[in-house]
Amino acid sequence: MTEPIQIKTKLGGNPTQEPQFKSFVKSKDGRSIPVADPRSTRALVSLMDMNAVLGGAACHYGGPAAFAELMSAMHGLVFDVAAKEKKQWFDLFHLVNDAGHCENGLYALKANYGMAGLTLNSLKKFRSIESGLTGHGEVHCFPEGVFVSNGPLGSAFPQTQGLAMAEAFSGKNRVTITAISDGASMEGEAKESFSAIPGLAASGKMGPYVLVISDNNTKLTGRIDAESFSMNPSFEALKALGWKVIALPEGNNLQKCYDAIAEAVESAKANPKVPVAIWAKTIKGIGTKKTAESASGGHGFPLKSPSELPAFVSEIYGGEAYPEVFNSWISELNTWEAEIKANAVKDTGEKIQVGVSSAMIRARKAGLPVVSVTSDLPGSTGVAGFRKEFAADSFDVGVAESNMVSTAAGFSKIGYIPVVDTFAQFGVTKGALPLTMGALSEAPIIAIFSHTGFQDAADGASHQALSYMAMVSSIPHVDVYSLSCSEEADALVFAAIEKFAADRKAGKVPNSSVFFLGRENFPKTFVAGAKYDLNKAQILADTTAGKSKSVTIATTGSLVPQALEAAKTLETKGIGSVVVNVAKVNHIDVETFKAALAKTDGRMITVEDHQIIGGFGQMLAHGLLQAGVNLKLKSLGVHGEFGQSSYTALELYKKHKVDASAIVEAAL
């Protein structure tokens, strides 16, 4: 047997106290086991989410609310077994959460036990740049509490397949327990593991394995069976694939959750050749009537003000008195809200997504056969407006980004103009191969990939696309654009759809067009009467007149405002600049840059919220040098690091030195 290298765990050990807020379950041998009160988990999630909302970050309530009983029971069982065997829990079990948007429920549970270094006060910094409690569970930020990182749905489950295989191979045979949602189960990676795990287990290649599925027929856009297709046949097929399936129709009954998990662990340990799946029917958003009955199951946190929290928490507790410490926390939140309102500055911008929807609607009304093929995020990407107006021309394949792109390629082959959409991180990581195969099949598409770079600030590193341009810019017959404002989005997306149609009608194969855009609000336009061209860079500011020294600032997408702010600061220091906004990043507009650089003696700064390697700056500099243009270059970007959660992208721009002050410093 090949012995593995011994890696010292960073995980927090067994809790040294019972939960501060607890319930009890009965074990098989009749003992009363203290576990975290699921109501307290929901309440703590609500409180920590409110902190993040006031800071400017989006959050999740519905998913962790649905999982509360399952997670309480799972941890209660594991800690009880560890105490009986006088071992650390992580020497007996792997506990992995693949429902990344439910990680805040686990932060709350751990703080309730006072384990992994967490207290109730720790939760108040959730999703802030000061905290390791990121939007989704990430090892590099919180190794005491996270063993396998999660976030993109269906991404942790396949890693646990490897964990359990390694357990069997090493002879350690710890029990692997993985939690997953029905939405994550739609992903291709998850479906591969659904098949592989029982097959490998049957041949003795898996350690004891338990999968806990929270099935509430709900994803972000609404009910799964109504929006896309029912997952029941997939879960019913688990038995045929080789899983032992334990049906748990009352997945929000704490005792029944405990009994099911105890049975599953016992079965998996007794016969590792048959993995166990607990198919738990849960209610997303359980705790309050409004969230449980909403179309998305209260996916995001529904409250806007801490003044709403007392009633919300009271309903979670069924009208019973809830812990007084929660009122103290609410009081702090009310004080903070008052300070925010007193110092508020009106936001006059709008989302770039407005322009995306406008362009698609205009094109469809012009008679072009635009269709929307989505994978659950149209409200975030900007295509929701089109889907509302043209419901019959809109399709949802479920939470499955690779399948979305490939499906769109099929529509393209028949003569439609398919528009796909998702977050940039998911679009490029899961869509790169389908984009390549679509190009090989002469089946181009148009893609709207939002939340670029650090724009998905609160969700953390797993959602922050820092290699988005590098991942798709070299695919043949793919044009890559980075949008900076809604007016630009309206003009360029519409132009790309028109060109797509014109090429098809002329018997040519169009290129695919991939449009990247941010999440936060931006000015509707940066220059009055601006002209937009699919192939031309845009001069947004030129303050070189009368200056003895000047610099070209080349940027794209969400960092355009930072470049313009830097230009103003430089002018106060007597330094001129030409600010160039590059929309089309993988084909260089050499002539515009030649003219700009002639005014700045060849000095150029590139700035992007992307890895330096393979990014916009690298592509631009290489293109210009290939064209014989002389440069004196400084490039600002991310230097081989992951991001983390923060309330706003600006905090991360400052940390990674791609903000206006960093541009000024580079210029000087």
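Reader: Let's start with Tyr61 and Phe312: buried or exposed?

Author: Both Tyr61 and Phe312 are buried, where buried means under 20% relative accessible area, exposed over 50%, and partly exposed in between (1.4 Å probe, protein chains only). Keep in mind that this is a predicted model: local features need pLDDT of at least 70, side-chain atom pairs count only at pLDDT 80 or more, and totals for chains, interfaces and linings use all residues. Residues are numbered from 1 along each chain as its sequence is written, and side-chain values use heavy atoms, with hydrogens and water left out.

Reader: OK. How many aromatic pairs does the structure hold?

Author: There are 23 aromatic pairs. Rings of Phe, Tyr and Trp (its six-membered ring) pair if their centres lie within 6.5 Å; planes under 30 degrees apart count as stacked, over 60 as edge-to-face and the rest as tilted. Tyr61 and Phe312 make one of the pairs, edge-to-face, with 5.3 Å centre to centre and 70° between the planes.

Reader: And where do Tyr61 and Phe312 sit in the chain?

Author: They link distant parts of the chain, 251 residues apart: Tyr61 is in the loop between helix 1 (38-55) and helix 2 (62-85), and Phe312 is in helix 12 (residues 309-316). Helices (H or I, at least four residues) and strands (E, at least two) are DSSP runs, numbered from the N terminus.

Reader: What about Phe386 and Phe390, what kind of pair is that?

Author: Tilted, at 5.2 Å centre to centre and 35° between the planes. Phe386 is buried at a relative accessible area of 0%, and Phe390 counts as buried at 16%.

Reader: Which residues do ring pairs link into a cluster?

Author: Phe21, Tyr317, Tyr322 and Phe326.

Reader: Switching to charges: which ring does the charged end of Arg362 sit over?

Author: The ring of Phe494, 3.9 Å from its centre. Lys124 has its charged end over the ring of Trp329, 5.4 Å from the centre. The cut-offs: NZ of Lys or CZ of Arg within 6 Å of the ring centre and within 35 degrees of the ring normal.

Reader: Now helix 22, which residues are buried there?

Author: In helix 22 (residues 590-599), the buried ones are Val590, Thr592, Phe593, Ala596 and Leu597. They lie on the same side of helix 22 because they cover an arc of only 155° around the axis; that arc is taken from the directions from the helix axis to the C-beta atoms.

Reader: What does the face turned away carry?

Author: Exposed residues Glu591 and Ala598. On the buried side, the cover includes strand 18 (538-542), strand 21 (603-611) and helix 23 (616-626), with contact meaning heavy atoms within 4.5 Å.

Reader: How do strand 1 and strand 2 pair?

Author: Antiparallel, over five bridges, with strand 2 covering residues 32-36; two strands pair if DSSP finds at least two bridges between them. They form a hairpin with five residues between them, and Gly30 in the turn has a positive phi of about 90°. Phe24 has Pro34 as its bridge partner in strand 2.

Reader: Last one: what does Asp459 touch?

Author: Leaving out residues up to four places away in sequence, its contacts include His60, Arg127, His136 and Ser645. The side chains of Asp459 and Arg127 are joined by a polar contact of 3.1 Å (a pair of N or O atoms within 3.5 Å; within protein, one must be able to donate a hydrogen and the other to accept it, and residues adjacent in sequence count only if both atoms are side-chain atoms). Asp459 is buried, at a relative accessible area of 9%.
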